[in-house]
Every structure is written in C-alpha cells, then in structure tokens.
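Biologist: I am new to this structure. Please take me through it piece by piece.

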Amino acid sequence: MPVPTLPPFPNNVPTHPLLVIDYELLKSGDSKEKDRLWSAATELGFWYLKNHGADESVNGMFDMGADTMNLPMEEKMKFDQGDDGLSFGYKAPGACTVDVSGSLDTVEFLNIAKDDALSYPQVSRRTYPHTVNDQMNPTVIPFVRKSLEVNDLVLAIFNEKLGLPGGTLDNLHTAGGEFSGCEARLIKAPAGLKAGNLALAAHTDFGSLSFLHNRLGGLQVLPPGVEEWQYVKPVPGHAICNVGDALSILSGGILRSNIHRVVPPPGEQSKFERWSLVFFSRPGNSVLLQALTDQSPMIANAVENSDNTINFNTGETAEQWFMRRVKNKRTNNYKGPETWLASRGTERGRA
Ligand SMILES: O=C(O)CCC(=O)C(=O)O
Ligand SMILES: [Fe+2]
C-alpha cells in the first residue's frame with residue numbers, strides 16, 4: 001500500500017496514557033515487566049506492546065488488505081460472512097448495526113480464521129479472495145503465527161498470576177487443538193466521516209486477547225470511573241493490546257475487558273482512510289465461558305466479592321457467545337432494540 005504522509009495525531013484532544021510493555025523483557029522472564037503487564041491488564045485492560053517483532057508481517061497484511069478491499073464489490077461479496085453468526089470472510093459497509101436503534105456501520109472488514117491460515121491450502125472454515133490466498137504463505141501465516149506467539153506468552157503470564165495450574169489457559173486456547181474463533185481482522189474506515197459517525201460502536205472484544213495495529217487516531221477508551229471518552233494515541237512500532245470478554249469471564253473479572261469504540265480520526269487525520277489490523281485470540285469453540293473458580297482460589301475469591309455487574313456463569317460456550325454477538329449485529333437480522341441487546345457481551349449494563 002503506498003503510505004501517504006499522515007498528519008500527526010493532534011495534541012488538543014483528550015488522550016489516555018497506556019503502560020508500555022516490552023515484549024522482549026516478558027520473553028526473558030523479567031518479573032518487573034510481568035508485574036507491569038499485570039497492572040495494565042487488571043486496571044485498564046489496555047497496554048502498548050513494543051519490541052513484538054511483528055512489524056514486517058503487519059505491513060504485509062496492510063498491503064494485502066488494500067489489494068483485497070480494492071477488488072470489485074461483487075467479488076468481495078462472494079466471500080461475505082453471511083447472517084448466521086460466522087465472522088470469517090468479508091463484511092461490507094452497512095452490514096452491521098452500531099447502536100440500539102439500528103444505525104448502520106461505515107467500515108469494511110476482512111476476517112481470516114486462524115484455522116484456515118494454519119491449515120492452508122486445506123480449507124478448515126471457509127475460502128477467501130485470491131488476494132488473500134496469494135499472500136497466505138509470505139504474509140498471513142507469519143502474521144498469525146507471530147500474533148499467537150505474542151498472545152500465548154501473555155496468556156501464560158496471566159495463568160501464573162491467576163494461580164491457575166500450569167497450562168490451564170493455554171489448553172483452553174491454542175494448545176487445546178480444536179477450532180476456535182481466533183482470527184485476523186483488517187478494518188477499513190472511509191475518509192471524511194462526520195465527527196458523530198461511529199466506525200465501531202462502544203463494545204468489549206468478544207474473545208481473550210486482541211493484538212491491534214493502527215496508524216491513525218480514532219480508537220477511544222472509557223476508563224473506569226471516567227465519564228468522557230479518551231483517545232488512545234497510535235505510537236509507531238507499538239501494538240495496542242487489550243483483554244476481551246472471554247478472558248475477563250474466565251478470570252472472574254480480575255482481568256478487565258474495557259469498553260472502547262472507534263470514531264473518525266481527530267483533526268486533519270479525518271481526511272484520510274483509516275486502516276487497522278487486529279489479531280483476536282479466542283478460546284476453543286467448546287470452552288464454557290465461566291469463571292475458573294474450581295482451579296484458582298484467587299478467581300473464586302474475586303467472584304465471591306464481585307458486584308454482579310458481570311455474569312461469570314454465562315452457560316454459553318465460546319462459540320455460542322461469539323456467534324450470538326456476531327449474528328445479532330448483522331443489519332439483516334435487526335428487528336429492534338432487542339436484537340442490539342442480544343448482541344451485547346460484558347458491556348451490557350456497563351454502557
Ligand atoms: O480499529 C481500531 O483501532 C480498534 C478496532 C476494534 O476495537 C475491534 O475491531 O474490536
Ligand atoms: Fe475492539
């Protein structure tokens with residue numbers, strides 16, 4: 001993708017600082033860095049990650065994403081994610097709602113299942129446009145592998161901090177070996193959106209960990225106890241990482257799945273298309289989303305003392321949770337406010 005010179009992030013908008021965590025230090029087992037990660041993940045649920053080593057594959061993914069989004073709409077729609085709750089594939093602008101009254105979204109998505117990338121050329125979940133297939137080996141697979149490496153290390157640190165038996169979170173995720181909702185997502189938001197036009201509604205992420213790369217501002221968080229949305233400033237070479245609902249529920253709320261949204265980029269940046277790339281790590285499809293109280297006294301204690309704003313015994317598997325949320329956001333399925341409510345996760349009752 002030819003990278004235009006982007007205007008700087010303005011310094012007159014409210015921003016929220018994030019802790020900067022050094023992936024290399026985490027990898028070397030540095031206990032201070034693990035403590036800092038733990039603070040970030042339990043207090044806000046968002047942090048910057050530097051020295052992650054993914055930049056080359058991230059750039060390749062943005063190029064592949066541009067080639068794919070430039071395909072004719074008719075071609076992209078052959079790979080549409082559909083209305084049944086499966087996320088993998090293409091999502092056209094306006095295919096999802098962004099609020100309770102059914103307003104339409106403005107962004108395009110391309111979602112690639114981890115299971116398809118790792119089994120390529122064998123199809124595990126669905127097929128993709130040729131622009132994706134052409135880049136599977138040089139770009140998509142390295143990006144997916146790197147993202148899994150990063151997220152798996154973070155999960156292992158949380159496993160230790162939560163006092164869970166060794167390998168518990170790993171087994172509920174990639175090591176379990178079953179299909180999951182893990183996916184890479186490219187997001188393209190058009191240039192020149194009006195200030196009130198949400199690109200992504202206020203939400204919590206569905207899965208366990210999100211590894212996000214963006215260039216322009218627009219991502220905002222609502223930190224605990226704060227009334228005003230605050231921007232997360234993009235910092236070159238720094239990924240933005242956050243905890244999602246699944247991990248928050250498994251940990252009895254100790255790990256925080258914070259509400260966030262995407263608005264048009266601030267100031268001069270609003271004149272440019274906004275591209276972002278996320279890798280979402282999610283539990284294996286059959287994993288029941290409930291707090292792991294039997295396996296960690298710390299989690300049992302957290303649930304015991306919780307204020308009940310979050311349901312830690314959902315009765316849904318990771319797959320059911322994920323499909324319910326995706327399905328009820330599809331515009332074609334929108335029947336009224338009840339559909340929007342049915343798409344909600346732990347943000348229900350919080351936003
Ligand atoms: O585009 C961004 O900066 C954030 C994307 C996001 O929150 C999501 O896809 O869940
Ligand atoms: Fe998100």
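**Helices, core and loops**

Biologist: What covers the buried residues of helix 11?

Modeller: The cover includes helix 9 (245-250), strand 13 (288-290) and strand 14 (313-317). Helices (H or I, at least four residues) and strands (E, at least two) are DSSP runs numbered from the N terminus. A residue is buried if 20 or more other C-beta atoms lie within 10 Å of its own, exposed if 12 or fewer, and partly exposed in between, with C-beta atoms placed from the backbone. Two residues are in contact if their C-beta atoms, placed in that way, lie within 7 Å.

Biologist: Where do these coordinates and numbers come from?

Modeller: This is a predicted model, in which local features need pLDDT of at least 70 and side-chain atom pairs count only at pLDDT 80 or more, while totals for chains, interfaces and linings use all residues. Residues are numbered from 1 along each chain as its sequence is written, and chains are lettered from A and ligands numbered from 1 in the order in which they are written.

Biologist: Back to helix 11, then. Which of its residues are buried?

Modeller: Within residues 318-327, the buried ones are Ala-318, Glu-319, Trp-321, Phe-322, Arg-325 and Val-326. They cover an arc of only 165° around the axis, which puts them on the same side of helix 11. The arc is that of the directions from the helix axis to the C-beta atoms.

Biologist: And in helix 3, which residues are buried?

Modeller: Ser-57, Met-61, Phe-62, Met-64, Gly-65, Thr-68 and Met-69 are the buried residues of helix 3. Their directions fall within an arc of 170° seen down the axis, so they line one face of the helix. Strand 4 (108-113), helix 6 (130-133), helix 7 (136-161), strand 5 (183-189) and strand 12 (274-281) are included in what covers them.

Biologist: How many residues are in the largest nonpolar core?

Modeller: That core has 85 residues, and those with the most contacts inside it are Trp-47, Ile-112, Val-140, Phe-211, Ala-239 and Ile-240. Helix 7 gives the most to this core, with eight residues. A nonpolar core is a set of buried Ala, Val, Leu, Ile, Met, Phe, Trp, Tyr and Cys residues joined through C-beta atoms within 7 Å.

Biologist: What is Phe-211 in contact with?

Modeller: Neighbours within four places in sequence aside, Phe-211 is in contact with Ser-147, Val-150, Asn-151, Ala-239, Cys-241, Val-278 and Phe-279.

Biologist: A change of topic: is Pro-264 buried or exposed?

Modeller: Pro-264 counts as buried because it has 23 C-beta neighbours inside 10 Å. Pro-264 is found in the loop between strand 11 (260-262) and strand 12. Not counting residues up to four places away in sequence, Pro-264 touches Leu-193, Ala-195, Asn-197, Ala-199, Gly-218 and Ser-270.

Biologist: Which residues does a cis peptide bond join?

Modeller: Tyr-120 and Pro-121 are joined by one, with omega about 5°. Pro-121 is found in the loop between helix 5 (114-119) and helix 6.

Biologist: What is the phi of Asn-51?

Modeller: Asn-51 has a positive phi of about 55° although it is not a glycine. Most residues other than glycine have a negative phi, and most peptide bonds are trans. Asn-51 lies in the loop between strand 2 (46-50) and helix 3, and it is partly exposed, with 14 other C-beta atoms within 10 Å.

Biologist: Finally, how many helices and strands does the chain have?

Modeller: The chain has twelve helices and 14 strands. Of its 351 residues, 47% count as buried.
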